[in-house]
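These entries record what I looked up, element by element.

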Amino acid sequence: MERQRLKSLLLETGEGDPAAIEAALRDPQHRSLTAEEAVVAAGVVWEDRLAELQARHFGMSLDDLENVQAEAVTRVPREQALKYTLMPVRVAEGCLTVAMADPEDAVAADAVRYASGLAVTRAVATRSGIQRAIQQHYGNGGTSALQAMLQKLLAHDTVETIAFQPSLEDHPQDRAEEVEPETIIRLVGALMVEALRMRASDLHLEPHADRMRVRYRIDGRLQTVAELPARLHAACLARLKQISGMDVHERRQPQEGQSSVKIGDAGFSMAVSTLPTHHGEKIVLRVQDSRKIRVDLDALGLLPRDVDNLGHMLESSQGLLLVTGPAGSGRSSTLYSAFEHCNRPEVNLVSVESPVETVLAGVTQVAVEPEIGLNFPSALQAALRQDPDVLMISELPDRMTAELALDAAQTGHLVMSIVHGNDTVSVLTRLVKMGLPSHQVAASVSGVLAQRLVRRLCPACRTEAPAPLAAVETVSYMGATMPRVTWQSRGCRACDYLGYRGRIAVFELLTMTDRVRDLIYQERSHREVRAAARTEGMISLFEDGLEKVELGWTSLEELLRVVVVERPTGRKCGQCGRLMAPEFQVCPYCSDGSNLVCPSCHKALEFDWHTCPFCRF
């Protein structure tokens, strides 16, 4: 878009200060940028908002690039997509929809029309979104093995020859083991290798009525990488079942298996599972990379204060350290890292796991097998007879296992395990609710570590940027301190134009102090225990994340996406403006009592009044 027209658009819609717009467009540092890039780089307007304004101005649709058809990608060369910053999205009724960063670029539209042989409908998308989509669907620096395979399948109608031939049976895929088409072998292999190249944690093959969708989970978020013809699904499913040790004939029951991929000298194992659905079986491959599980404590994302506190717990000769968080929050990595921290020749380490996720040198590892009677309690009792110094339990699934862990922590063993919970205090209250004696929980637990995983900003392309107004309001409402600096990434080749590369954890570490132990012993409420822990110096997940936002490790938007910010309840103090519990008569933050007001008529009340004399509330 021309600079003058963009300036007029922003002024007409009231976006940005006129002086700031003019300065951004005239800044010598922005000469090499397009007009859109210049105003975004200067912080005049957010990229998403600018795309929305352009779409409204030109009467075009705004495309989020979430559902890109593989057939559309094959119609436009990668070089052309990069040159004009556009992304082919879908083909329908002889028309190709193309998302463009500059919807006014008629030359680009004509070039696509000539290359594809189709009529072109223009849509609007953000420049960074288009760059990410090009990287995702075209590959990095050329055609990937997967893209080449997809282009071959879609350019030539060879799908019928790839699918398994019908037999006398109702389901032709039942005879998959007798037919091994070379193309299907290469396609499945390309899907697995491409998932590893893109650092995906799992791969999803999902059947739908008219297509098979392929998605990768990259840094915790699913991304669609291809949509294949539905008739390819049976062949791919049979191949994956075969290499994972599953029953190819079984389609009505869920199955689990194991497969492996080797790229150069690196080997990766994959846990494979199937799930019968309305349109067929969905299959998911989860990458199990032991290199990601075993990391140093410093590399987890712990700030120096937490490294010191956690290290002090791990140097103790006894106590129970618990790690908590939702599934996929990196709990296992933290647990293994803490366990490996204690691995020294003079220390006897024993683990009871279900299953053993990675093999540790110099450690006695026991895999639980309930089918033969080796469950958690029996394996734990047997392990305790062998005089371990440090004991790791992959989870505390029942009360008996939890009781044994608490007993071991009180009898000269350092025990660590995972417990499901939302935060540190909820873990302690949950143990008491399980029926465990509160005095035993208070005496045995030495610390609780809660965590979440946020995407790490790409260090190659991150820049300082103002935070969105909505995010600033959320931080203010929580009473937290806004970071002095916030960051964002535009996307580059190093991060596959995603803006993020890898993940890092935010933590909440609760150290058991005398005051917290007393409250647990008295079985006080979650709110009281948490307030005491905060007074004793505990930093919440949100506050830890804000520190990492200021350091440039992640963005404020990413933190708010991952960490659930619960709106505090209660009434606002008339003196300091902070929220306090409804039952409080004096503000705990400023010790002011003049904030007692009727919630109905807002008249001032006295300390001992139970009913408002003004409105009878």
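Entry 1, strand 10. In this predicted model, I checked the burial of strand 10 and found it mostly covered, with six of its six residues buried. I then separated its two faces. Gly319, Leu321 and Val323 lie on one side, Leu320, Leu322 and Thr324 on the other, and all are buried.

Entry 2, pairing of strand 10. I looked up the partners next. Strand 10 (residues 319-324) runs parallel to strand 15 (residues 445-457), and five bridges join them. Within that pairing, leucine 322 has valine 448 of strand 15 as its bridge partner. Strand 10 is also joined to strand 14 by five bridges, again in parallel. There, leucine 321 is bridged to methionine 416 of strand 14.

I traced the order of the strands as 12-11-13-14-10-15-18, which is an open sheet of seven strands with mixed pairing. Which strands stand at the edges? They are strand 12 and strand 18 (500-511); each has a single partner strand, so one side of each is left without a neighbour in the sheet.

Helix 18 (residues 424-433) lies across strand 10, strand 15 and strand 18, and runs at about 140° to strand 15.

I found 39 residues in the largest nonpolar core. Leu322, Ile393, Val415, Leu428, Val441 and Val445 have the most contacts inside it. Helix 17 (residues 399-410) gives the most to this core, with six residues. I then examined leucine 428 with its neighbours within four places in sequence left aside; leucine 428 is in contact with Val441, Val445, Val448, Leu510, Met512 and Ile520. A second, separate core has 32 residues, including Val214, Val225, Phe268 and Leu285.

I looked up how helix 21 (residues 514-521) packs with helix 22 (residues 526-535): the angle is about 175° and the axes are 9 Å apart. Helix 21 is therefore roughly antiparallel to helix 22. From helix 21, Arg515, Val516, Leu519 and Ile520 meet Glu528, Val529, Ala532, Ala533 and Thr535 of helix 22. I classed this contact as six nonpolar, one polar and two charged residues.

Glutamate 523, in the loop between helix 21 and helix 22, has a positive phi of about 55° although it is not a glycine. Is this residue buried or exposed? Glutamate 523 is exposed, at a relative accessible area of 53%. Aspartate 219 is likewise not a glycine, yet its phi is positive at about 50°. I placed aspartate 219 in the loop between strand 5 (211-218) and strand 6 (221-229). Its relative accessibility is 10%, so aspartate 219 counts as buried, the cut-off being under 20%. Lastly, I noted a cis peptide bond between serine 354 and proline 355, with omega about -5°. Proline 355 is in the loop between strand 11 (349-353) and strand 12 (364-367).

Technical notes
Residues are numbered from 1 along each chain as its sequence is written. This is a predicted model: local features need pLDDT of at least 70, side-chain atom pairs count only at pLDDT 80 or more; totals for chains, interfaces and linings use all residues. Side-chain values use heavy atoms; hydrogens and water are left out. Axes are lines fitted to C-alpha atoms, for helices over the stretch in contact, and angles run from 0 to 180 degrees between N-to-C directions. Helices (H or I, at least four residues) and strands (E, at least two) are DSSP runs, numbered from the N terminus. Angles under 35 degrees count as roughly parallel, over 145 as roughly antiparallel, 65 to 115 as roughly perpendicular and the rest as oblique. Contact means heavy atoms within 4.5 Å. Ala, Val, Leu, Ile, Met, Phe, Trp, Tyr, Cys and Pro count as nonpolar, Asp, Glu, Lys and Arg as charged, and the others, Gly among them, as polar. A nonpolar core is a set of buried Ala, Val, Leu, Ile, Met, Phe, Trp, Tyr and Cys residues joined through side-chain atoms within 4.5 Å. Buried means under 20% relative accessible area, exposed over 50%, partly exposed in between (1.4 Å probe, protein chains only). Two strands pair if DSSP finds at least two bridges between them.
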